[in-house]
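Trainee: I would like to learn how to read a few features of a protein model. Can we work through them one at a time?

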Amino acid sequence: MKRPFTFIFSILAFWMQINAGLAQDVNGHIATDSTILVTPNPDQPGIDSLSTQILSSTESKDAFIQYGEVILDYLKLFTIPLSSEDKAEVGVGIYSRNNFGINVEGGYGAKYPEQAYKNAEYVSKGYYGRVGLNYLYKYAPGVHIYIGAKYGKSFYEDEGTYEIGSDFWGNYKDTFHRTGLQADWFEVILGSERQWKGNFYLGFQARLRMLRDYDTFQPIEVYFIPGYGRTMYKTTPALNLYIKYIIGRKIITDESGS
Amino acid sequence: MKNNNILYLFLFFGLMALVELSGGCEECKDCGIAYKESVVNMKFFNIDSLNKVNIALVEVEDSLAKVNEEIDNGNTDLIEIKTELEIQKASLEATQKDITQGKIKIEEVTGLNALQPLYFRDSTTNDSLTVFPFPLSMHTNTSTLHIEIDNRLDTLTVDYLRAEDVSNNFILIRAYDLSVGSSTYDSTKVICNKDSCLSHETTIYVYF
C-alpha cells in the first residue's frame, strides 16, 4: 500500500534534482561559487561582457574556515512511508580555503526485512554516526565534485520472533532480543552537488562501505546494521541524495543581485 | 557542455536511487510459519512374528520334502497337496522378507502432550512402510510416543538435545544426540554413523 507513495515521492524528488540543474541556465544567468553574477541588462544590449558586476562577496579569502554546511538526506525520508524500513540522516561540515572539508553525519535506521528470516518477524534498529574528510573540486560554476573517506560506527539492537509449525506437537514459537550491539566500518565516497537556489545545493554521494567489525551471533546472525546495511556484504555500495545549506558564504541569486 | 555532463550524472544516480528504493519493496513469497520440525527415522522389526513365520516355514519345508519323497516313490495322489504346500511356502517367505526389511503397518501414533494422532500411509499404495519419520517435540528434550501396531500398543521415549539452526533463511530447532530413554518393546537400537548425529541422520531400530 505504501509503495505507490514512495514511488511518487521519488519521482518528485528526482524532478527537483533535474530541475535544479536546468534552472540555472535560464536566460544565461549563472550563479557561481565565486559570487560573481553576470546579469544581462535589457536597456543596454550587448553589454554582457562590460556590465559584469561583482555584486557582493562576504567570503573572506584569508579565513582558513571558508564556510559551513548542513545536510539533509532526503532520499532516506522516502523510507518513512515504507513498511520495511525507516531512516533519517543529517550532517554538518566545514570547508577550509584549500577545499578540504571535515564532516560529521548522524542518523537513525530501522529495518523490518521480511526475507531476513523467512519464518521470523525481525527488526534491527539504532543510531549511527560518520566522520570524514572530503576534498572538493569546483568543476563548473555552481557545481562541485568531491571525494573523501569516512569512518562510521553504529549502536543498535535487533530482535525477532520465529515460529516453526508442527501439526502433531503444536507450533513452536520463540523470541530473541540482543541489545548493546556495535559495528564500525570505513567508507570511500565520490559525490557531486549543484547549486539549486541561493545557498541551497542538491547533490548525490556514492559510497563504498567496508565493514571492519561487528557483534556476531550464531546461528541467528545479525541481518542488518543501521548506517551500514546487510552483514552478509563485507563491502557494499550506497547512495545518498541530499539537500545542503551553505552557511557563512553569501551566494548571489538573480533576485538578490538585481 | 560541462553542465550537461553533470545533469547526466544526476539523472544516472537519480535512477539508481529509484531502483534501490523500489527494490527494497520486494515481497517475500515463502515467508511465514516454517513446517520444518525435526524428525527421527524409525524401523520396526516384529521378531515374535518373524520367529513364528520361521517355525511355520520350517514345518512347511519339512512337509514339502516328505511329499516330494512320496511323489518320487510313485504316489501321484499327493501332487495337489504339494502344490498347496508350495503356495504356503511362498507366502511365508514373502512375509519373512517383509518382516526382515522392517515393512510394517502402523495403525496410529499418539504423543504425550501432542495435539492430534499421527497416521502413516504410503502415498501410492496406502500400505505398509519400512521407515517412519517420527516428529520430535521442539518444546522439550523428550518425546514420548505411543505406537499401535497390530492392536498392540507400545510406548517409546526418545531423549535428545536441541539447538537453534538456520537453513535457507529459516530458523529451525534441530534435535541431536538421540537416545532411547524408555521403551515397552523387547529391544531398541539407535543407529548413528558419526560421533554426533542430527535427528534426521539417526535411525532407531525397534524389535518386538
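Trainee: Which residue forms a salt bridge with A:Lys244?
Mentor: Start with the general idea. Side chains of opposite charge can pair when their charged atoms come close. This model is predicted. In it, A:Lys244 pairs with A:Glu193, and the closest N and O atoms are 2.7 Å apart.

Trainee: Are A:Lys244 and A:Glu193 buried or exposed?
Mentor: A:Lys244 counts as buried, at 2% relative accessibility. A:Glu193 is buried as well, with a relative accessible area of 0%.

Trainee: Which residues do salt bridges with shared partners join into one network?
Mentor: The network joins A:Asp73, A:Lys76, A:Glu89, A:Glu105, A:Arg130, A:Lys150, A:Glu187 and A:Arg207. Take one pair from it. The side chains of A:Lys150 and A:Glu105 meet at 3.2 Å, N to O. A:Lys150 is in strand 5 (residues 143–164) of chain A and A:Glu105 in strand 3 (residues 100–111) of chain A, so this pair ties together parts 45 residues apart in sequence. A:Lys150 is buried, at 3% relative accessible area. A:Glu105 is buried too, at 8%.

Trainee: What about A:Arg212 and A:Asp184?
Mentor: Their side chains form a salt bridge of 2.8 Å, N to O. A:Arg212 sits in strand 7 of chain A and A:Asp184 in strand 6 (residues 172–197) of chain A, so the link spans 28 residues in sequence. Check each end. A:Arg212 is exposed, with a relative accessible area of 51%. A:Asp184 is buried, at 4%.

Trainee: How many salt bridges are there over all chains?
Mentor: The count is 19.

Trainee: Now strand pairing. How many bridges join strand 7 of chain A to strand 10 of chain A?
Mentor: Look at direction and bridge partners. Strand 7 (residues 200–214) and strand 10 of chain A run antiparallel, joined by 11 bridges. A:Phe204 has A:Leu241 as its bridge partner in strand 10. Strand 1 (residues 65–73) of chain A also pairs with strand 10 (residues 235–247) in the antiparallel sense, over six bridges. There, A:Gly68 is partnered by A:Ile247.

Trainee: Over to chain B. What does B:Leu172 touch?
Mentor: B:Leu172 lies in strand 6 (residues 170–183) of chain B. B:Leu172 is buried, at 5% relative accessible area. Leaving out residues up to four places away in sequence, B:Leu172 touches A:Ile164, B:Lys36, B:Ala163, B:Glu164, B:Asp165 and B:Ser167.

How values were computed. Residues are numbered from 1 along each chain as its sequence is written. Chains are lettered from A and ligands numbered from 1 in the order in which they are written. This is a predicted model: local features need pLDDT of at least 70, side-chain atom pairs count only at pLDDT 80 or more; totals for chains, interfaces and linings use all residues. Side-chain values use heavy atoms; hydrogens and water are left out. Helices (H or I, at least four residues) and strands (E, at least two) are DSSP runs, numbered from the N terminus. Buried means under 20% relative accessible area, exposed over 50%, partly exposed in between (1.4 Å probe, protein chains only). Contact means heavy atoms within 4.5 Å. Two strands pair if DSSP finds at least two bridges between them. A salt bridge is a side-chain nitrogen of Lys or Arg within 4 Å of a carboxyl oxygen of Asp or Glu.
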